[in-house]
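User: Please walk me through some side-chain contacts here, with the cut-offs behind each term.

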Amino acid sequence: MTYAPLAAAYDAVAARYAECIPGRYHETPLHHAMIPAFAAMVLAGGGGPVADAGCGPGHVTAHLSALGVDAFGVDVSPEMVARARADHPGLRFEVGLMGALDVPAAALAGVVANHSIIHTPPELLPETFAEFGRVLASGGLLLLGFPGYEGPEGLAEPFDHMAYPAHRYALDGVAGLLLEAGFAEVARLVVAPGEDARRGFPTAYLLARRTTG
Ligand SMILES: C[S@@+](CC[C@H](N)C(=O)[O-])C[C@H]1O[C@@H](n2cnc3c(N)ncnc32)[C@H](O)[C@@H]1O
């Protein structure tokens, strides 16, 4: 997969995204409900660096940091990274790919990918999860947020996204791929489709622990 069109698409919407989405994130309690639990569990496990993979304008990185976590952000879009640096000057943000993180093996205590796997085609999810597994220390935590798919069969369904073609994913299917990648499920939160006034999609948050490695 070539990532230049994805980066260009998010470069084009970075300013608008940064105006709207961080506020919506903070105003919608269920859409950041897993973050304090994730942060508390990372700290209880002794802490360590946490990557916000596909960080966008950096609001989730900043939330983790405010909760005491040593968080940094990575995003394929240089404009998103520029916005994140401008809006959160004390934090570290780098341009990069979530499927090829510039991090040594087993170096991280946690990875958060909040609505950023949506642009990863289903066939590439296993290698993305393998990369999360590579960078996480044994016992490290992974928190995924993504629009859910409750169709009768299949892992994913494409949907029309403002920036770039995207997929929503079946929660059980994602949990199964994580199991195959060496993760154990810890918790899941599903926000009901009726709470999504625009699209009517459920929103899934899945917390998993790195068990092997
Ligand atoms: C829908 S936005 C989510 C941003 C932020 N995580 C949030 O919660 O609002 C998706 C972000 O993921 C980034 N992204 C998507 N696929 C990526 C990849 N393979 N590597 C790095 N960044 C990626 C995009 O550039 C974009 O900033």
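**Side-chain contacts**

User: Is tyrosine 10 buried or exposed?

Analyst: Tyrosine 10 has a relative accessibility of 10%, and the classes are defined with a 1.4 Å probe on protein chains only, buried being under 20% relative accessible area, exposed over 50% and partly exposed in between. This is a predicted model, in which local features need pLDDT of at least 70 and side-chain atom pairs count only at pLDDT 80 or more, while totals for chains, interfaces and linings use all residues. Residues are numbered from 1 along each chain as its sequence is written, and side-chain values use heavy atoms, with hydrogens and water left out. At 10%, tyrosine 10 therefore counts as buried.

User: How is the aromatic pair of tyrosine 10 and tyrosine 17 classed?

Analyst: A search of the whole structure finds three aromatic pairs, where rings of Phe, Tyr and Trp (its six-membered ring) pair if their centres lie within 6.5 Å, with planes under 30 degrees apart counted as stacked, over 60 as edge-to-face and the rest as tilted. For tyrosine 10 and tyrosine 17, the centres are 6.3 Å apart and the planes 75 degrees apart, and this pair is edge-to-face.

User: Why is the pair of phenylalanine 129 and phenylalanine 132 not counted as stacked or edge-to-face?

Analyst: Both residues are buried and lie in helix 5 (residues 125-135), three residues apart, about one turn of the helix; helices (H or I, at least four residues) and strands (E, at least two) are DSSP runs numbered from the N terminus. Their ring centres are 6.3 Å apart, but because the planes stand at 35 degrees, the pair is tilted.

User: Which helices does the salt bridge between glutamate 19 and arginine 83 tie together?

Analyst: The two side chains meet at 3.4 Å, N to O, a salt bridge being a side-chain nitrogen of Lys or Arg within 4 Å of a carboxyl oxygen of Asp or Glu. Glutamate 19 is exposed at 58% relative accessibility, whereas arginine 83 is partly exposed at 22%. The pair joins parts that are 64 residues apart in sequence, because glutamate 19 lies in helix 1 (residues 4-27) and arginine 83 in helix 4 (residues 78-87).

User: Over the face of which residue does arginine 168 lie?

Analyst: Arginine 168 is buried, at 12% relative accessible area, and forms a salt bridge with glutamate 157, the closest N and O atoms being 2.9 Å apart. A charge sits over a ring if NZ of Lys or CZ of Arg is within 6 Å of the ring centre and within 35 degrees of the ring normal. At 3.9 Å from the ring centre, arginine 168 lies over the face of phenylalanine 201.
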